[in-house]
Amino acid sequence: MRIPAPEHFGSRLRSPAVAARVGVWLGAAFGICFLTGLVSHYAQLPTHPIPFPTAPSWGYRLTQGLHVTSGMAAIPLLLVKLWSVYPRLFERVDLGAGRRLLLVALERGSIAVLVASAIFQLVTGLLNAAQWYPWTTFSFRPTHYAIGWVTIGALVLHIAVKLPIIRDVLTRNIDATVHDRPSAVEQGTLSRRGLVRTALAASAVAVLATAGSTVPLLRKVSVLGVRSGDGPAGVPINKSAAAAGVEQTAIDPAYTLRILQDGQEVAALTLDDLRTLPQQTEDLPIACVEGWSATGTWGGVRVKDVLAAAGLAADRDVAVVSLQESGAFRSSILPANFAADDRTLLALDLSGEPLDIDHGYPCRVIAPNRPGVLQTKWVASMEVST
Ligand SMILES: Nc1nc2c(c(=O)[nH]1)N[C@H]1C(S)=C(S)[C@@H](COP(=O)(O)O)O[C@H]1N2
Ligand SMILES: [Mo]
């Protein structure tokens, strides 16, 4: 088998003029994805050097919707961009003196890192949004976060290295032949402009196919956004009571919510006790890290009122633990500013009805601007440390 050389690739479509134009959109998608990813990561840290805000209540819904959607938008763009530059992979470089060797190694190495990390991010993100977790050897969030930095670093380096060419081709007509391979010839009927438009159209389709999981109006066209609107009271179910192994414990008539302070139980509240406390209603979204979100009308007791009923002030972080006995999402930390917020509820009702067991009966956490993964269901205890 013969290794191909760039001149074996004829199509004029494979040109820096195309790569740069698709690259502008791809860069924007990666930029949005990176920044919103930082927000999501920070929101999920157990402690916050700078408190994560509780307002606006829809903030995380917006940033995480953008995160998943911009990642989806990037997939077709990356494929077209890789296709357009792929012949360069086979370029033989005249290495010459040592300094040139170093430069070439750096350029190629940074592109290898960029391509590998970008593909890793899009594939793991896509699988996560599809709720398919084939990985058992690494945990998603820290890995996706770390590789996110690698990707953005390699991207900034790549743009800096290519800036002269990028500027040159973007200021010229897309059909100008500067920077083209000499072998590039017109083939077929698709024009460069047509290819760029096709890439953008494919990207728009990817957006529409995903965005319906957060934007109710798009639900019908969102073939990938299957989750929104499903589930009891129109709110999707992430993990069912059966999957969490709480079918018995959640409906146990002897259920009490345990309130602890430094490991000591200070109160045990029955469901009736919780119903006797002042009730609040709040419209708040569940915004899953996987990108889907849905607003519910939640009824229940303010967390600060629950703590007050046990004689505790809502001025510390609260550790919330579920009846669920194992699994990564069985507990969460409710930061002090969230515990103190008037809209943060220990929800008992959704849409005026007692919570469905799959939504967290007998009670669950619902707080504004909080990642769905931290909205702990089937709450067994809340603990304050002093
Ligand atoms: N105990 C427990 N609470 C949980 C989870 C879980 O697996 N176990 N999943 C979380 C995630 S990832 C999300 S998005 C929300 C979804 O809530 P819902 O199923 O009521 O829509 O619940 C959260 N609370
Ligand atoms: Mo989630």
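The structure is a predicted model, in which local features need pLDDT of at least 70, side-chain atom pairs count only at pLDDT 80 or more, and totals for chains, interfaces and linings use all residues. Residues are numbered from 1 along each chain as its sequence is written, chains are lettered from A and ligands numbered from 1 in the order in which they are written, and side-chain values use heavy atoms, with hydrogens and water left out.

**The sheet**

Begin by selecting the open sheet of 5 strands, whose order is β2-β1-β10-β5-β6 and whose pairing is mixed; strands here are DSSP runs of E with at least two residues, helices are runs of H or I with at least four, both numbered from the N terminus, and two strands pair if DSSP finds at least two bridges between them. Colour β2 (264-269) and β6 (331-334) separately: these strands stand at the edges with a single partner strand each, so one side of each has no neighbour in the sheet. Direction ignored, neighbouring strands of this sheet are turned by 20 degrees against each other on average, the axes being lines fitted to C-alpha atoms.

Next select β10 (residues 379-384), a mostly covered strand in which 5 of 6 residues are buried, where buried means under 20% relative accessible area, exposed over 50%, and partly exposed in between, with a 1.4 Å probe and protein chains only. With β1 (residues 257-261), strand β10 pairs in the parallel sense over 4 bridges, and Q261 has V384 of β10 as its bridge partner. Moving on to β5 (residues 318-322) and β6, you find an antiparallel pair joined by 4 bridges, in which V320 has S332 of β6 as its bridge partner.

**The aromatic cluster**

Now show F9, Y86 and F90, which form one aromatic cluster; the structure holds 5 aromatic pairs, counted for rings of Phe, Tyr and Trp (its six-membered ring) whose centres lie within 6.5 Å, with planes under 30 degrees apart called stacked, over 60 edge-to-face and the rest tilted. The rings of F9 and Y86 make an edge-to-face pair, because their planes stand at 85 degrees, with the centres 5.4 Å apart. This pair links distant parts of the chain, 77 residues apart, with F9 in the segment before α1 (16-43) and Y86 in the loop between α2 (59-85) and α3 (98-129). The rings of Y86 and F90 are also edge-to-face, since their planes are at 90 degrees, while their centres lie 5.5 Å apart. In accessibility, F9 counts as buried at 12%, Y86 as partly exposed at 37%, and F90 as buried at 16%.

**Backbone details**

Most residues other than glycine have a negative phi, and most peptide bonds are trans. Select A55 and P56, which a cis peptide bond joins with omega about -5 degrees, P56 lying in the loop between α1 and α2. Another cis peptide bond joins Y361 and P362, with omega about 10 degrees, and P362 belongs to the loop between β8 (353-354) and β9 (364-366).

Key. Axes are lines fitted to C-alpha atoms, for helices over the stretch in contact, and angles run from 0 to 180 degrees between N-to-C directions.
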